[in-house]
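The following note sets out numbered points on the structure shown below.

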2 protein chains.
Amino acid sequence: MSLVTIKDVAREAGVSVATVSRVWNEAAFVSPETRQRVAEVASRLGYSPHGAARSLITRTTCALGVLLPDLYGEFFSEIIRGIDHTAQAAGYHILVSSSHDSKDEIDAALRSMRGRVDGMIIMSPDLETQRTLHALQGSFPVVLLNGGVEANEFDSITIENHAGAREMVLHLVKHGHTRIAMIAGPERNYDAAERRRGYETAMTESNIAHDNSLVVLGDFSERSGHAGATQLLTLERRPTAIFAANDSMAIGALSALHEHGLRVPEDIAVAGFDDIPLARYMNPPLSTVHVDISLLGERAATLLLSSLLQGQRPRQQQQLSTTLVIRSSCGGLS
Amino acid sequence: MSLVTIKDVAREAGVSVATVSRVWNEAAFVSPETRQRVAEVASRLGYSPHGAARSLITRTTCALGVLLPDLYGEFFSEIIRGIDHTAQAAGYHILVSSSHDSKDEIDAALRSMRGRVDGMIIMSPDLETQRTLHALQGSFPVVLLNGGVEANEFDSITIENHAGAREMVLHLVKHGHTRIAMIAGPERNYDAAERRRGYETAMTESNIAHDNSLVVLGDFSERSGHAGATQLLTLERRPTAIFAANDSMAIGALSALHEHGLRVPEDIAVAGFDDIPLARYMNPPLSTVHVDISLLGERAATLLLSSLLQGQRPRQQQQLSTTLVIRSSCGGLS
DNA sequence: TCGATTACTGAAATCGTTTACAGTACTCTC
DNA sequence: GAGAGTACTGTAAACGATTTCAGTAATCGA
């Protein structure tokens, strides 16, 4: 693979390396014959420039780093998909690294990506790690997903977690539910915290007394949703609706309810958050707060690319809006 | 980010760049005082070595390239997850690139990764592109996922598609089904072709006359599974079981059946392939052919890493075995 | 015919590292 | 006190590209 260098091509074609480089980059004036000959030799030898060497001198790698907390489920695959599509269209690669929760891990990942990427997209919903990022401010083009850092330190895109959750809960209230349970996400997770806050806001606005036993904690996995719902069913006064902080947990909850012989939505309503592609194929189809996840990735990549091209410019904070998608799992189709 | 170089550190610490390099790589003898001083200056200046420069001289990038057909759904997120975990543990990064179907796209992706990765994991189920890969043989460490290339050209890992599909269909037959439909995958897709072949083998072995109208084509998406099932329901003699070439399509099929008011498995049995994490949370829980997808990724990464370390060695062809997971969607729990 | 312009090409510096090689300054050993 | 080792450190040559600068040959206008 990396055996044939620009020198080989130059020697074989009887020109200097400079000329080969010029042919390759279609830069300056090269006579048609020379260009032709070099191109021919290059393709015969199977030459393609060495990325590292190139980026050493051009000071650009044409690669974006992507740091994610963990690669699990459709949520992350959709994000990566969005980022990759946008990056690829602009001729960029993406360097993915997952499972970075602790400060040290993030630090290490950042260091080891130095000189390999032109900028980074970081999704670090854990509230703890925000401080690490703080230090890094300004030294490197970064786009934050689901940050929760103070405004204008970084470019960032956040989901309208609070508004979306509030809206869904209000919808449930509107359809007569008052005992609405929530399967919340990890406590230290920013998105989870905001969604929970949205739930609480809606409950308060609806003058429903707060009942702590109605909120159980999950970790965004189907398994934890299943466990959460099971726990809720043991309550003396059973909730009439369950709002899960993401679709995976909602799906786990659905399955737990079925196991207990409960009908959804007749006996108990269920709603999720994210609208992963599978949500509409559930039985019953899952009502959820729609987030265009892949768009989230696209936006992040676009933002990062624009900041690479434009250099210094004011930081941008974007919000990704959510919409209610009412299917039949919450019984509020009317 | 890339402002502070080894020279800066050297100057600041009053030593040569060689010494700094030695401290960093913990290589040769450096006096404790010097080491201490250099380390202190380095961390004060926030130095970390420039990846490109480093890999230029060391001729190693500590990165693996991953070429995928498309990043969609849990299947791919699980694969990437498996690869990333293994790579990370070995101190490697992964460079992901998706949506490469045509020969030209794969070519371009391969070229542009030159000098940026030490080896590649390629998943190119399309039978067409196999020829492109052929050309590349031997020039670069490559592990193929779901290949279908002739043995011993590359390291490869393939799923036991044929055996798994056959086993599932035999299971359905054993439970009394004779009109078994299949929602197959894309025709030019290797995995899809093998799974279909497994279905046909099982039908033949069971002396069930082949009925072409029982096989409809999908593209591995939920949507196409939904469409496929809908189509099958229009048949005069309705099938009593549907075997989908992957879980996403099976899930789509489930949803179509529910919409038509059919009970699963009482009216019609459904089975899938892959056992994505969600399968068990379906309603009813989906019977499927279990594939440890994340292990597939891990194995691929492990294989590639070992070939990087060991250099030339005989090619390895591994098979990833499948197991039947009978849940209630196919009614054969007994 | 001469100088200027144009069109093309090559030599060499550069990017930020690693590493072979060549010192230097000790400490031992006899 | 000479020679040999040891422990450390610096110089400089790579790695494979890009790019500035200068040089050459051909063409052109006067």
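1. Two residues are taken to be in contact if their C-beta atoms, placed from the backbone, lie within 7 Å. The model is predicted, and on this criterion the contact takes 42 residues from chain A and 42 residues from chain B. On the side of chain B that touches chain A, at least two residues each come from H4, helix H5 (73-89), strand S2 (93-97) and helix H11 (247-259) of chain B. H5(B) provides the largest share of that side, eight residues. By class, the side of chain B that touches chain A comprises 18 polar, 17 nonpolar and seven charged residues.

2. How are the two copies related? Two copies of a chain are related by a rotation about an axis and a shift along it. Here chain B is superposed on chain A by a rotation of 180 degrees with 0.0 Å of shift along its axis, at an RMSD of 0.0 Å. The two copies are therefore related as by a two-fold rotation axis. The same surface serves both copies, in that 100% of the contact residues of chain B recur in chain A.

3. The two chains also share strand pairing. Strand S2 (residues 93-97) of chain A pairs with S2(B) in the antiparallel sense, over three bridges. Within S2(B), B:Ile94 is the residue that stands opposite A:Val96.

4. Is H5(B) largely enclosed or open? A residue counts as buried if 20 or more other C-beta atoms lie within 10 Å of its own; 14 of the 17 residues of H5(B) are buried, so the helix is largely enclosed by the rest of the structure. Just after H5(B), B:Gly91 adopts a positive phi of about 80 degrees.

5. The surface near DNA strand D draws on both chains. Helix H2 (17-25) and helix H4 (51-58) of chain A, together with helix H2 (17-25) and helix H4 (51-58) of chain B, each supply at least two of its residues. H2(A) gives the most, with six residues. Of the 28 residues around DNA strand D, those that come nearest are A:Thr5, A:Ile6, A:Ala18, A:Ser21 and B:Thr34. The residues of this surface divide into 17 nonpolar, nine polar and two charged.

6. In chain B, strand S10 (residues 287-290) has two partners to note. Strand S9 (residues 269-274) of chain B pairs with S10(B) in the parallel sense over four bridges, and B:Thr288 is the bridge partner of B:Gly272. Strand S12 (residues 323-325) of chain B pairs with S10(B) in the antiparallel sense over three bridges. In S12(B), B:Val325 stands opposite B:Thr288.

7. A last point concerns A:Cys62, which is found in the loop between H4 and strand S1 (63-67) of chain A. A:Cys62 counts as partly exposed because it has 18 C-beta neighbours inside 10 Å. Apart from neighbours within four places in sequence, A:Cys62 is in contact with A:Gly91, A:Tyr92 and A:His93. A:Cys62 and A:Arg116 are 54 residues apart in sequence and 8.7 Å apart in space, C-alpha to C-alpha.

Key
Residues numbered from 1 in each chain as written. Chains lettered and ligands numbered in written order. Predicted model: local features only at pLDDT ≥ 70, side-chain atom pairs only at ≥ 80, totals over all residues. Near = placed C-beta within 6 Å. Nonpolar A, V, L, I, M, F, W, Y, C, P; charged D, E, K, R; others polar. Pairing = 2+ DSSP bridges. Buried ≥ 20, exposed ≤ 12 C-beta atoms within 10 Å, placed from the backbone. Least-squares fit on C-alpha atoms with pLDDT ≥ 70 in both.
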